[in-house]
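Subject: Structure handover

Hello,

Here is the structure I said I would pass on. Please open it first and keep it beside you while you read the notes.

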Amino acid sequence: MDYSVARRRMVEQQIVARGIDDSRVIQALLDVPRHLFVEPGLQSHAYSDGSLPIGEKQTISQPYIVAVMTAALGLSGSERVLEVGTGSGYQTAVLAKLVKRVYSIERIPSLAAKARRILDQLRLYNINIKIADGTIGWQDQAPFDAILVAAGSPEIPQKYLDQLEINGKLIMPVGNRETQELVLVIKREDGRFVQQTLMGCRFVPLIGENGWQSDPV
Ligand code: SAM
């Protein structure tokens, strides 16, 4: 299978055709080999229009959702970004192509280790990965120009708002365990927050002190 052809088709049909027009985001999606981030048996589906299992009951996000969330942050290249929910590392790689530094938190050690390996293989060295409860953010490295949370929570943890830079943007799924809405929050210069709902979505739960309290049964 020619993965670069599949990737180009994915970008044209799933991303550009649905209205994503940020050329840097489009280029990053063309550049990141998504098939490396999925399990070997699923590589032929890596460029299909959906999420895929990555083990540990977790998923790699749908390419379109990765594009929507990344584009919503309006990244220019100088940002320091907090990502919560490294998962496979695919979204991390896309962010790393677009910003100065990515600080990514994953609660499941085996996923963090696998992601680190692939990101190193791709020579993406502007990434710090930490195994921890990402619902408390990353205080030592705050404030962040942008925060992207790739797991759904009943509400926005206050820590994220506190750790956001002035004019910074936060994007995350907010809702119940099954369905959520993608919420974009901007921290204004007066310290107040403007909130906008972008679309419906389905993410795995954000589990931790300021999210859901336990794994789904
Ligand atoms: N964007 C990722 C990708 O491209 O592969 C997919 C992320 S997956 C949908 C959500 C991830 O969030 C899972 O790997 C899960 O273990 C992680 N997660 C859930 N709660 C977390 C928490 N409190 N802190 C850090 N990671 C968490």
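The notes below go through rings, the ligand, strands and helices, and a few backbone angles.

This is a predicted model, in which local features need pLDDT of at least 70 and side-chain atom pairs count only at pLDDT 80 or more, while totals for chains, interfaces and linings use all residues. Residues are numbered from 1 along each chain as its sequence is written, and side-chain values use heavy atoms, with hydrogens and water left out.

Aromatic rings

The whole structure holds 4 aromatic pairs. Rings of Phe, Tyr and Trp (its six-membered ring) pair if their centres lie within 6.5 Å; planes under 30 degrees apart count as stacked, over 60 as edge-to-face and the rest as tilted.

Tyr3 and Tyr47 make a tilted pair, with 6.2 Å from centre to centre and 45° between the planes. This pair links distant parts of the chain, 44 residues apart: Tyr3 is in helix α1 (residues 3-16), and Tyr47 is in the loop between α2 (23-31) and β1 (52-55). Helices (H or I, at least four residues) and strands (E, at least two) are DSSP runs, numbered from the N terminus. Tyr3 is partly exposed, with a relative accessibility of 21%, whereas Tyr47 is buried at 7%. Buried means under 20% relative accessible area, exposed over 50%, and partly exposed in between (1.4 Å probe, protein chains only).

Phe37 and Tyr90 make an edge-to-face pair, 5.8 Å centre to centre with 70° between the planes. Here too the pair links distant parts of the chain, with Phe37 in the loop between α2 and β1 and Tyr90 in helix α4 (residues 90-98), 53 residues apart. Both Phe37 and Tyr90 are buried. Tyr90 also has Arg34 over its face, at 4.9 Å from the ring centre. A charge sits over a ring if NZ of Lys or CZ of Arg is within 6 Å of the ring centre and within 35 degrees of the ring normal. The charged end of Arg18 sits in this way over the ring of Tyr64, 5.0 Å from the centre.

Elsewhere, ring pairs link Tyr103, Trp138 and Phe144 into a cluster.

The ligand

There are 27 residues around the ligand, and Ser88, Glu106, Asp133, Gly134 and Ile207 come nearest. A residue counts as near if one of its heavy atoms lies within 4 Å. A polar side-chain atom of Ser88 is 2.6 Å from an oxygen atom of the ligand. Taken alone the ligand exposes 610 Å², and the protein buries 100% of that. Accessible areas come from the Shrake-Rupley method with a 1.4 Å probe; for residues, only the protein chains shown count as cover.

Strands β3 and β4

Strand β3 (residues 80-84) has 4 of its 5 residues buried, so it is largely enclosed by the rest of the structure. β3 runs parallel to strand β4 (residues 101-106), and 5 bridges join them; two strands pair if DSSP finds at least two bridges between them. Arg80 has Arg101 in β4 as its bridge partner.

Ser104 is in β4 and is buried, at 0% relative accessibility. The Ser104 side chain makes polar contacts with the side chains of Glu83 (2.6 Å) and Thr86 (2.7 Å). A polar contact is a pair of N or O atoms within 3.5 Å; within protein, one must be able to donate a hydrogen and the other to accept it, and residues adjacent in sequence count only if both atoms are side-chain atoms.

Helix α3

Helix α3 (residues 63-72) is largely enclosed by the rest of the structure, because 9 of its 10 residues are buried. The buried residues include Tyr64, the ring under Arg18. After α3 comes Gly74, with a positive phi near 55°.

Backbone angles

Most residues other than glycine have a negative phi, and most peptide bonds are trans. Arg123 has a positive phi of about 60°; this residue is in the loop between α5 (109-121) and β5 and is exposed, at 65% relative accessible area. Asn167 has a positive phi near 70°, lies in strand β7 (residues 164-175) and is partly exposed at 46%. The peptide bond from Ala142 to Pro143 is cis, with omega near 5°, and Pro143 is in the loop between β5 (127-131) and β6 (144-149).

Regards
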